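Open the model in your viewer and keep the sequence panel beside it. The tour goes from selection to selection.

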Amino acid sequence: MDGRTALITGSTGGIGKETARGLARLGMRVLLVGRDEGRAAAAAEELKRDTGNGEIAAFTADVTRQRDLRRLAGQVRDRYDALHVLINNAAANRPRHELTEDGVETDFAANVLAPFVLTRLLLPLLRASAPARVVNITGGIPKGAIDLANLQGERRYVGLLDSQYNHTKRILMAMSYEFAQRLPGTEVTINVAYPGHGFTPGNREMTIGMFPLAARPLAPLLRLAMPVLFGAKAISKASRSSVYLASSDEVAGVHGSYFDLRSRRAEWPSFATDPRNREAIWRLCTRLER
């Protein structure tokens, strides 16, 4: 892995940070991205000490803001002549319907639009560094359906059995599948990893109102159980699929595939491969891109 460079969004904590740690231990140059400059710098110093890898750099960007994504892509292009791996890991899980400065619902902006925009911005650099890989990290509950009339939570944000976070993670899968169909895969591959569950900073910030209605009676118990069941060990385990897709020779050239939390190739859910879903989501992302 020496000489290869990986950029990981949302990597100052949780699964993203453990993914960065795993790749740094393999000898890759790792570019961390976080919203807070101090946390990003501290994470970079921690990983340097822990892994003995001095090739770790920190960048600051709020992935819900497209001006930040453009600035990030420009900084990476200016500082590095190659990028071999892009891991779109950053995510948002808001308690209520909110719009970003670009007029996009926040969960959709972070979980769907940011991977779409950042991949397109960095695609020329990835192609120039071929073979290169893009890994999109899904999450939540990868089952159910995609409601094309509610992509940005316009009609319903948290329902009886579902939340906008879960919904946008399914939308990300459909967008990723469509992106892979539009990209030859000879120079740059795109795959999706499902990490499983971990008690990440995002989970710690969840309020009872963010749980689907049917789960709210159990929410206090879940909040007590999560640190025990899905603590540090689980977070490290949850990073394995993204580290595997970013680094393993076994998946060199594998394109347009979905991998489960055990790093096994899995069948795409029907909502992700449905042409109607894919086309509608692609059109929306293209329209929202600034």
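Helices (H or I, at least four residues) and strands (E, at least two) are DSSP runs, numbered from the N terminus. This is a predicted model: local features need pLDDT of at least 70, side-chain atom pairs count only at pLDDT 80 or more, and totals for chains, interfaces and linings use all residues. Residues are numbered from 1 along each chain as its sequence is written, and side-chain values use heavy atoms, with hydrogens and water left out.

**Whole chain**

Show the cartoon. The chain has 11 helices and eight strands. Now colour by burial. Buried means under 20% relative accessible area, exposed over 50%, and partly exposed in between (1.4 Å probe, protein chains only). Of the 290 residues in the chain, 58% are buried. Contact means heavy atoms within 4.5 Å. Among contacts in the chain with a separation of 6 or more, 76% join residues 24 or more positions apart.

**A loop serine**

Select Ser263. This residue sits in the loop between β7 (258-259) and β8 (265-266). Check its phi: the value is positive, about 60°, although Ser263 is not a glycine. Most residues other than glycine have a negative phi, and most peptide bonds are trans. Is Ser263 buried or exposed? Its relative accessible area is 15%, so Ser263 counts as buried.

**A cis peptide**

Next, select Ala130 and Pro131. The peptide bond joining them is cis, with omega about 5°. Pro131 belongs to the loop between α4 and β5 (132-137).

**Helix α1**

Select residues 14-25, helix α1. Its 12 residues should span 16 Å at 1.5 Å a residue, and the end C-alpha atoms are 17 Å apart, which agrees. The expected span is 1.5 Å times one less than the number of residues. Of the 12 residues of α1, 11 are buried, so the helix is largely enclosed by the rest of the structure. The buried set includes Lys17, Glu18 and Arg21. Step just past the helix to Gly27, where phi is positive, about 95°.

**Two partners of α1**

Two packed helices are described by the angle between their axes and the distance between the axes. Axes are lines fitted to C-alpha atoms, for helices over the stretch in contact, and angles run from 0 to 180 degrees between N-to-C directions.

The axes of α1 and α2 are 10 Å apart, at an angle of about 40°. That makes α1 oblique to α2. Angles under 35 degrees count as roughly parallel, over 145 as roughly antiparallel, 65 to 115 as roughly perpendicular, and the rest as oblique. The crossing of α1 and α2 is right-handed. A crossing is left-handed if the near helix is turned anticlockwise from the far one by less than a right angle, and right-handed if clockwise. Show side chains for the contact: Lys17, Ala20, Arg21, Ala24 and Arg25 from α1, with Ala43, Glu46, Leu47, Asp50 and Thr51 from α2.

The axes of α1 and α9 come within 9 Å and cross at roughly 40°. So α1 is oblique to α9. This crossing, of α1 and α9, is right-handed. Thr19, Gly22 and Leu23 of α1 meet Ser242, Val243, Ala246 and Ser247 of α9.

At 5% relative accessibility, Ser239 counts as buried. Beyond residues up to four places away in sequence, Ser239 touches Ile15, Glu18 and Thr19.

**Helix α3**

Select residues 66-79, helix α3. Its buried residues pack against β1 (5-9), β2 (29-34), β3 (56-60), α4 and α11 (275-288). Zoom in on Leu69, which lies in α3. Leu69 is buried, at 1% relative accessibility. Leaving aside neighbours within four places in sequence, Leu69 contacts Val63, Ala114, Val117, Leu118 and Leu121. Draw a distance from Leu69 to Val117: they are 48 residues apart in sequence and 7.6 Å apart in space, C-alpha to C-alpha.

**The cores**

A nonpolar core is a set of buried Ala, Val, Leu, Ile, Met, Phe, Trp, Tyr and Cys residues joined through side-chain atoms within 4.5 Å. Which residues have the most contacts inside the largest one? They are Leu7, Val76, Phe108, Leu122 and Leu126, in a core of 56 residues. Helix α4 (residues 106-128) gives the most to this core, with 13 residues. Apart from it lies another core, of 23 residues, among them Ile87, Val243, Ala246 and Phe259.

Finish on Phe108. Not counting residues up to four places away in sequence, Phe108 touches Leu113, Leu151, Gln152, Thr168, Ile171, Leu284, Cys285 and Leu288.
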